[in-house]
Amino acid sequence: MHYLEFLRRLHDLLEPAAYLEIGLRNGDSLALSRCRSVGIDPAYSLTAELDGDYTVFRTTSDDFFARHDPLRATRGLPFDLAFIDGLHLFEYSLRDFIHAERYSRPGGVIVFDDVLPRSSDEAARERHTDFWTGDVYKMAMVLRRHRPELTVLTVDTVPTGLLLVLGLDPASSVLTGKYDEILAEYRTADPQRVPAAILARDGVLTAASALAAVAERLATTPPPDALPPPDALPPPDGEPGAGVTAALLAHDFRAEEASILESAEGALLVLPVPGVQIPHEVAGELRLGALAVPARLVPGAPARLQAWVSGLPGEYALSVRFGAAERSCGVLLSVGPAGELSVVASPPVPPAPPSAPQAASTQASVATPPSVPQAPPSVPQVPPSVPPPASTQATVATPPATPPATPQWRAAARRVPGLRPLVRALRRGRG
């Protein structure tokens, strides 16, 4: 089974409320999530179509977890499932596990990618092959030795296997306390001597067996304690005050000139926000359609909204959220076929179609013959109970069979010699 198919089935089985992914690449595995999701990658280039509640951070995992509140993007919800596919070096994988477990739900699940290298060359710390796993395979040895209370399953998936870790304990500090000791023992220089059992995939579980083990564990594990709803959680530090909130809600982003600064780190969107006065940077988020990315208000004259942006070709409506204030920016992020970025104003909203009574009145006014003058506003209207004069009824009920001739046609008729006497003679004959 391909590892993406395994992850898809794992999502269906666990139905997580919050998901963490370290190492996004093009977003294929992140797109499997259908819950509140956080993605971390300092150099992601998303090409997968994301349709859900995603927040992606263009930063390293160490920097992300060094934040005051790593669970801000989930509004306090701990992670039920995490997928670690970051830098393929043992020490980074170990730190990613320590951090991810700390912010996971008790009994949650963490999955490592690339734990079954197919050769010692693929497992080298210095990459020199097209496909590279690094020495992440050592995580299975460390967890089985130092965290025997965890369930650690190596899964035979294509191309290079997964490591499934069940029964997480966010309160555990064993790996943190032994971090230096573990590095001294397991971080070794190239060439890596990968155990023969790993290269031969001895003792690994099939994907179906691993999923069955997860299902059995779910059936015997009581559900976690109920968490407070996100709105009941205390607001994180750095929330803007009421004045900033009001200014954001009143600001017209379309009136300012947005810019996109390209650099080696990616594309930085900058939107001036005049009229907003802040003493320090304030964290928030910018939404690009269904995708959310971290944003910040930077003080200055004027203040500036900044966020790293990217996406598939198309146009994405931008909206901004800081604290409790959320509003549409009225602008679109346009992504060209080659990934070029620009900001354009949103198209105007078309007027709503008239309601049924309005449409009927419009039709009636059109059907009224031009020979019936409209009553001026100063003339009181006839009450509905009093019938209008008979002449008016006849005029309205019997419109002229042909439209009256225009003045040009009447003038042309007067220039025909003998036409007027002929008309008079015909009238006398009828009389």
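Pro-159 lies in the loop between β6 (151–156) and β7 (162–166). In this predicted model, the peptide bond joining Val-158 to Pro-159 is cis, with omega about 5 degrees. Another cis bond runs from Asp-190 to Pro-191, with omega near 0 degrees. Pro-191 belongs to the loop between α6 and α7 (196–200).

Asp-114 sits in the loop between β5 (104–113) and α4. Arg-201 sits in the loop between α7 and β8 (205–206). Asp-114 is buried, at a relative accessible area of 3%, whereas Arg-201, at 21%, counts as partly exposed.

**Helix packing around α6**

Two packed helices are described by the angle between their axes and the distance between the axes. The axes of α3 (residues 90–102) and α6 (residues 179–186) come within 11 Å and cross at roughly 150 degrees. Angles over 145 degrees count as roughly antiparallel, so α3 is roughly antiparallel to α6. The crossing of these two helices is right-handed. On the α3 side the contact is made by Phe-90, Glu-91, Leu-94, Arg-95 and Ile-98, and on the α6 side by Tyr-179, Ile-182, Leu-183 and Tyr-186. By class, the α3–α6 contact has 7 nonpolar, no polar and 2 charged residues.

Helix α4 (residues 138–146) also packs with α6, at an angle of about 130 degrees and with the axes 12 Å apart. That angle makes α4 oblique to α6. The crossing of α4 and α6 is right-handed. Lys-138, Met-141, Val-142, Arg-145 and His-146 of α4 meet Glu-181, Ile-182, Glu-185 and Tyr-186 of α6. The residues of this contact divide into 4 nonpolar, 1 polar and 4 charged.

In soluble globular proteins, nonpolar side chains tend to be buried together. The largest nonpolar core here has 55 residues, and the members touching the most others are Phe-6, Leu-10, Val-111, Leu-164, Leu-286 and Leu-305. Helix α1 (residues 3–14) supplies the largest share of this core, 5 residues. Leaving aside residues up to four places away in sequence, Phe-6 touches Met-1, Val-155, Thr-157, Leu-162, Leu-164, Ala-207, Ala-210 and Leu-211. A second, separate core holds 43 residues, including Leu-20, Val-38, Leu-77 and Phe-112.

Terms used: Residues numbered from 1 in each chain as written. Predicted model: local features only at pLDDT ≥ 70, side-chain atom pairs only at ≥ 80, totals over all residues. Heavy atoms only, no water. Axes fitted to C-alpha atoms, helices over the stretch in contact; angles between N-to-C directions. Helix = DSSP H or I, 4+ residues; strand = E, 2+ residues; numbered from the N terminus. Parallel < 35°, antiparallel > 145°, perpendicular 65-115°, else oblique. Left-handed = near helix turned anticlockwise from the far one by under 90°. Contact = heavy atoms within 4.5 Å. Nonpolar A, V, L, I, M, F, W, Y, C, P; charged D, E, K, R; others polar. Core = buried A, V, L, I, M, F, W, Y, C linked by side-chain atoms within 4.5 Å. Buried < 20%, exposed > 50% of the residue type's maximum accessible area, 1.4 Å probe, protein only.
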